[in-house]
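Reader: I would like to learn how to read a model like this one, feature by feature. Could you show me the structure and walk me through it?

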Amino acid sequence: MSRPRQILVVDDDRAMREMLSSLFKERGLWAEEAASADAALALAAEQDFDVVLSDVRMPGLSGVELVGQLRRLRPGTPVVLMTAFGSIDSAVEAMRSGAFRLP
């Protein structure tokens, strides 16, 4: 039997983080939560995730900065960024940092 996919949800907004984790768990996935990029990096240092889903705007390190740090720590882990404040410039910056993009 295969293990469930492991997702790390990173968002400083507790309600959003818990809602996303709940949705993933309802679909049979395993979700861990982090309230900041620093907390996410600590978790990623100790375990491997199949994917990281992160907000862009957070206090401290941003989601884009998190992508760069995760690229060094876990180069094969896809990182998907989400934001309510998107722009073309922020999308380009995220992709340059190594955020996952569909072909």
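Author: Let us start with exposure: a residue is buried under 20% relative accessible area, exposed over 50%, and partly exposed in between (1.4 Å probe, protein chains only). Asp-48, at 43% relative accessibility, therefore counts as partly exposed. Please keep in mind that this is a predicted model, where local features need pLDDT of at least 70, side-chain atom pairs count only at pLDDT 80 or more, and totals for chains, interfaces and linings use all residues. Residues are numbered from 1 along each chain as its sequence is written, and side-chain values use heavy atoms, with hydrogens and water left out.

Reader: What share of the 103 residues in the protein chain is buried?

Author: Buried residues account for 33% of them. Ala-31 is one example of a buried residue, with a relative accessible area of 7%.

Reader: Now to charges. What counts as a salt bridge, and how many are there?

Author: The rule asks for a side-chain nitrogen of Lys or Arg within 4 Å of a carboxyl oxygen of Asp or Glu. By this rule the count is 5. One of them joins Arg-14 to Glu-18, with the closest N and O atoms 2.8 Å apart. Both residues belong to helix α1 (residues 14–26), and they are 4 residues apart, about one turn of the helix. Arg-14 is exposed at 57% relative accessible area, while Glu-18 is partly exposed at 35%.

Reader: Which salt bridge links distant parts of the chain?

Author: Look at Arg-74 and Asp-48, whose closest N and O atoms are 4.0 Å apart. Arg-74 is in the loop between α3 (63–73) and β4 (79–82), and Asp-48 is in the loop between α2 (37–46) and β3 (51–55), 26 residues apart. Arg-74 is partly exposed, with 23% relative accessibility.

Reader: What about Arg-27 and Glu-26: are they buried or exposed?

Author: Both are exposed, and their side chains meet in a salt bridge with an N to O distance of 4.0 Å. Pro-4 lies in the segment before β1 (6–10) and is partly exposed at 39%.

Reader: How do I read the packing of two helices?

Author: Two packed helices are described by the angle between their axes and the distance between the axes. Axes are lines fitted to C-alpha atoms, for helices over the stretch in contact, and angles run from 0 to 180 degrees between N-to-C directions. In this model, α2 and α3 pack at about 15°, with their axes 10 Å apart. That makes α2 roughly parallel to α3, because angles under 35 degrees count as roughly parallel, over 145 as roughly antiparallel, 65 to 115 as roughly perpendicular and the rest as oblique.

Terms used:
Helix = DSSP H or I, 4+ residues; strand = E, 2+ residues; numbered from the N terminus.
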